[in-house]
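Subject: Structure handover

Hi,

Here is the structure for your files. My notes follow below it.

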Amino acid sequence: MTAITRILIIEDDALLNRMLVDNLNKMGYKAYGVTTIAQAQEFLLTEEPNLVIVDGKLPDGNGMELLPKLNEICCSIMLTAYGSVRNAVEAMKAGATEYMLKPVDLDELELMVKRVLEDAAIRQDYQFCKSQISRNQKSKKMMIGHSHALQEVEKLIAAVAPTDLSVLIQGESGTGKELIANELHQKSTRSNRNFVALDCCTLQEKLFESELFGHERGSFTGAH
């Protein structure tokens, strides 16, 4: 993690605020500290942090009020001295990525900040890749050709895709079975869901069902 990763601390306890800023800077981040919602809103007008750590109780309101706005910009950790399951659930529903109780354990803070930022980066990469794949699939046909045989295949795809039937595609290796499966998916009612290609040759016969559908702990040796 580099110093360009910016973290905003919204905490009205000046000593705790300073401690968090100093320690996050030592961890390699660029941390900023404010003590009120008003100051935070002013900061967010000109800066776009990667993470915000916000206290639940602030002089000019509840830190939870900021969470919907923060969700549009970055991930967040709710910080509070009033720990309860209800508070945690409310914070998560409001959009907090994580929830931390006071007094703050610096080792726990370091691990949580690292995990939250890594998860946010993975989600961002996933959304980008998914949008790129979707755009590529919409911008060009998966199967290209004008032969009579291909036209017949496309007619079959158009007829079957809108249904909820299971489809078996047979053919020699390299003839484009996966392309047809993908085309079926794109024209089906599940086109907004993920298309997953699975190479069954890489699965052990005895574990085939488990790999596809999962299993209960202890159902067989090594089923953890």
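Helix α6 covers residues 148–160 and helix α7 residues 177–186; they pack at about 40 degrees, axes 9 Å apart. The crossing of α7 by α6 is right-handed.

This is a predicted model: local features need pLDDT of at least 70, side-chain atom pairs pLDDT 80 or more, while totals for chains, interfaces and linings use all residues. Residues are numbered from 1 along each chain as its sequence is written, and side-chain values use heavy atoms, without hydrogens and water.

Salt bridges next. The whole structure has 7 (a side-chain nitrogen of Lys or Arg within 4 Å of a carboxyl oxygen of Asp or Glu).

- E152 and K155 pair at 3.7 Å, N to O. They sit 3 residues apart in α6, so about one helical turn separates them. K155 is exposed at 56% relative accessible area, and E152 partly exposed at 33% (buried is under 20%, exposed over 50%, partly exposed in between; 1.4 Å probe, protein chains only).
- R18 and D22 meet at 2.9 Å, N to O. Both lie in helix α1 (residues 14–26), 4 residues apart.
- R115 bridges to E98, with the closest N and O atoms 2.9 Å apart. R115 is in helix α5 (residues 106–139) and E98 in strand β7 (residues 98–101), so the pair ties together parts 17 residues apart in sequence.
- E11, D55 and K102 form a salt-bridge network.

Best regards

Methods
Axes fitted to C-alpha atoms, helices over the stretch in contact; angles between N-to-C directions. Helix = DSSP H or I, 4+ residues; strand = E, 2+ residues; numbered from the N terminus. Left-handed = near helix turned anticlockwise from the far one by under 90°.
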